[in-house]
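Colleague: I'd like to learn how to read surface features on a model. Could you walk me through some?

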Amino acid sequence: MLKIENLGHRFDQGWLFRHVSAEVESGGRLLISGRNGSGKSTFLRSIAGLLIPREGEIIAPERVGYSALDLNVYPHLTASEHLEFSALLRGVKPEPTKWLSQVGLENVNGKLCNAFSTGMRARLKIALALQCKPELLILDEPTASLDDAGRELIDSIMTNFGGAVVYASNDEHDRRWATHELVL
Amino acid sequence: MKQISHLLLGLAVAGMLIFTFLVPDAQLFMEPSLARILFTHVPCAFLASIFIVSSAFFAGSFVRKGTDVAAAKMHASIELGTIFAALTMATGILFSKIQWGAWWHNDPRQISFLIVLFFYAALMALRGAYNDRGRMDQSTAWLSISLVLPAIFLMFVFPRLKFVEQKSFHPTRTIPEGQLDFAYSFGLWGTLIVLGWLALVIFSLRKRVELAERALDDNYGHDETGSRGSALDGVVRPVAVSEKD
Amino acid sequence: MNSFFSPQVKACLIKEWRVEARSRQGLFVSALFGFMALAAVNFSTMITVPAPGLAAGLLAVILIFVATVAVPRIFLAEDEQGTFDLVRQWGASGPVFLGKALFGAIFQGGAGFILGLFYSGMIGVPVVNWPLFLVMSTLLGIASSNVLCLTSTMVMTASNRWVLASVVGLPLLFPLIFLGIGGLKVSFGDGGMEGAYQSIAALVGYAVVPLGLGPMVAQSLWTERRDPGQNPDLPQNKDRL
């Protein structure tokens with residue numbers, strides 16, 4: 001499913017992490033932990049194909065869903081328009097109503113995203129990540145900025161999602177889903 | 001062998017420099033001794049043109065193969081081309097002031113070469129704007145490829161358009177039609193060959209420096225991971241949570 | 001294969017259209033800058049009516065600079081507002097480029113047409129060939145937009161990218177001024193149609209080339225996951241010293 005061999009990345013100042021290897025099978029939940037600045041988000045961005053690591057190799061499945069705190073949504077589009085746009089670009093069937101109801105955003109239809117709270121945006125990003133029917137889901141701080149209902153949503157994804165999940169978190173509660181942990 | 005070739009180059013540069021001062025002053029010039037500027041101005045313009053084409057060639061090679069060598073050659077071409085374009089412009093402006101009476105003459109060829117200098121400036125500006133080496137190489141390569149056709153037009157086609165030939169003070173047919181006297185002709189081709197040789201040596205050195213910098217950067221970078229758990233030696237692998245707990 | 005008729009290009013075009021219709025940022029920038037430039041030119045030519053060549057040059061410069069301030073935003077806003085990664089992970093760089101370029105071309109083509117009309121009314125030089133004048137104004141807008149789309153793609157994640165998009169774009173836009181003057185001055189009654197046709201053909205070529213290069217540039221700069229054989233940083237691909 002996902003194979004990482006000797007991954008390393010550095011910015012100008014020096015290596016952020018090096019010699020990291022991991023394999024995650026379908027159904028696996030890999031927790032990436034480590035203190036602030038240890039490279040958790042960079043590691044996830046590398047796997048998501050948003051950053052070329054300076055060394056190492058990543059073999060990832062074709063369909064990858066990615067959601068992160070620093071990812072933003074278009075302020076002048078509605079949630080359904082986001083889902084339609086993403087579906088057309090990724091070549092999947094646009095089913096905005098279905099996905100919005102799955103993440104509890106069925107009542108915000110027609111509202112522009114600049115009126116969304118941080119938690120609502122996080123839910124939309126989850127819907128966008130799930131929409132392409134990914135084999136691998138990458139979540140950076142999945143429960144940050146979510147209310148109790150949002151945390152339940154993440155809990156249900158973590159429990160029921162059939163593919164592999166790689167997620168970064170320092171929240172003790174989030175450890176419960178992990179089958180493996182990688183400390184950076 | 002390399003030392004001998006460098007010695008020969010040094011002798012050739014010195015010989016050509018002496019020769020350019022020994023040739024007699026040219027006639028029909030406001031300042032006859034200034035005609036010698038030809039020995040710097042024309043070869044520099046020629047080399048600036050060659051380097052913009054070579055930068056695009058190596059850029060194409062980099063886009064296809066993605067090797068550091070192609071990237072290093074592309075960057076060396078851009079840097080040397082910028083220097084030669086700036087020298088062409090500086091010598092041209094100086095000549096314009098003394099021969100034609102003004103620093104800037106709106107001569108079509110002055111303008112077209114100024115645009116070529118802007119091309120180089122754009123390439124240099126783009127190179128400096130990326131911290132990420134991979135992106136810097138890629139974007140510079142694409143810009144270099146995009147600029148080559150307009151540059152060829154400006155340097156080789158535009159000066160030969162009839163209305164430009166009529167308006168320009170630059171002679172376009174003097175050199176190709178052999179109207180220069182022997183001493184000036186020899187001096188011009190001689191400086192072109194010697195300067196070209198010097199440029200090739202600098203090009204090769206610059207390429208090697210670039211590659212060495214990249215090798216150093218990749219292999220001996222300061223390791224930030226040492227203070228934390230991530231590995232300096234060995235490989236970091238995930239631990240099964242059940243095993244840990 | 002990237003085609004203007006693919007649903008992905010259409011989706012991107014519709015998205016850009018919606019964003020512009022709701023934010024109107026491009027409209028405000030183009031209108032404000034365009035009309036300010038027209039007013040400035042009008043002031044400077046109040047006493048003397050410029051010659052056809054100069055009138056053509058002034059319009060070409062206005063249209064190119066309007067595009068320079070308005071077009072890069074279509075690309076640069078993505079990284080600025082944090083949505084660039086969203087598009088990149090959806091992995092359709094070519095169609096996204098074409099969708100954005102198409103939007104830019106429509107927008108700047110329209111701006112060229114409208115500003116051309118206002119210019120002809122303000123400058124005091126009579127237009128003797130209206131179809132040619134309007135075709136040239138529109139084409140200049142489209143060609144400038146396409147060139148700037150290409151250069152904006154190159155600088156999308158660079159530091160100081162807003163300035164850099166223009167710095168990198170302007171040298172490529174210079175030839176457009178020559179071509180613009182070549183066609184527009186004929187529409188003001190200076191020169192024959194042969195020169196105008198040549199300018200139109202060159203402008204069309206200048207507008208088309210960035211559309212061919214752009215998807216390739218976007219592909220190589222936006223997509224980070226490469227075939228290991230293409231990755232220059234892997235030891236097996238290193239060809240050092």
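Colleague: Which residues make the nonpolar surface patch on chain C?

Modeller: Keep in mind that this is a predicted model. In general, nonpolar side chains are joined into a patch when they lie within 5 Å and have over 30% relative accessible area. Here the patch is made by Phe35(C), Phe113(C), Ile114(C), Leu117(C), Phe118(C), Met122(C) and Trp130(C), and it covers about 610 Å².

Colleague: Which helix gives the most to that nonpolar patch?

Modeller: That's helix 6 of chain C, residues 93-123, with 5 residues. Met122(C) lies in helix 6.

Colleague: What about charge? Which residues gather in a patch of negative charge?

Modeller: For charged patches, like charges are joined within 9 Å. On chain A, look at Glu5(A), Glu23(A), Glu25(A) and Glu57(A), which gather in a surface patch of negative charge. One of them, Glu5(A), sits in strand 1, residues 2-11 of chain A. Glu5(A) has a relative accessible area of 32%, so it counts as partly exposed.

Colleague: What does the side chain of Ser49(B) reach?

Modeller: A polar contact is a pair of N or O atoms within 3.5 Å. In this case the Ser49(B) side chain reaches the backbone oxygen of Ala45(B), at 2.7 Å.

Technical notes. Residues are numbered from 1 along each chain as its sequence is written. Chains are lettered from A and ligands numbered from 1 in the order in which they are written. This is a predicted model: local features need pLDDT of at least 70, side-chain atom pairs count only at pLDDT 80 or more; totals for chains, interfaces and linings use all residues. Side-chain values use heavy atoms; hydrogens and water are left out. Accessible areas come from the Shrake-Rupley method with a 1.4 Å probe; for residues, only the protein chains shown count as cover. A salt bridge is a side-chain nitrogen of Lys or Arg within 4 Å of a carboxyl oxygen of Asp or Glu. Helices (H or I, at least four residues) and strands (E, at least two) are DSSP runs, numbered from the N terminus. Lys and Arg count as positive and Asp and Glu as negative; His and the chain ends are not counted. The place of a charge is taken as NZ of Lys, CZ of Arg, CG of Asp or CD of Glu. Buried means under 20% relative accessible area, exposed over 50%, partly exposed in between (1.4 Å probe, protein chains only). A polar contact is a pair of N or O atoms within 3.5 Å; within protein, one must be able to donate a hydrogen and the other to accept it, and residues adjacent in sequence count only if both atoms are side-chain atoms.
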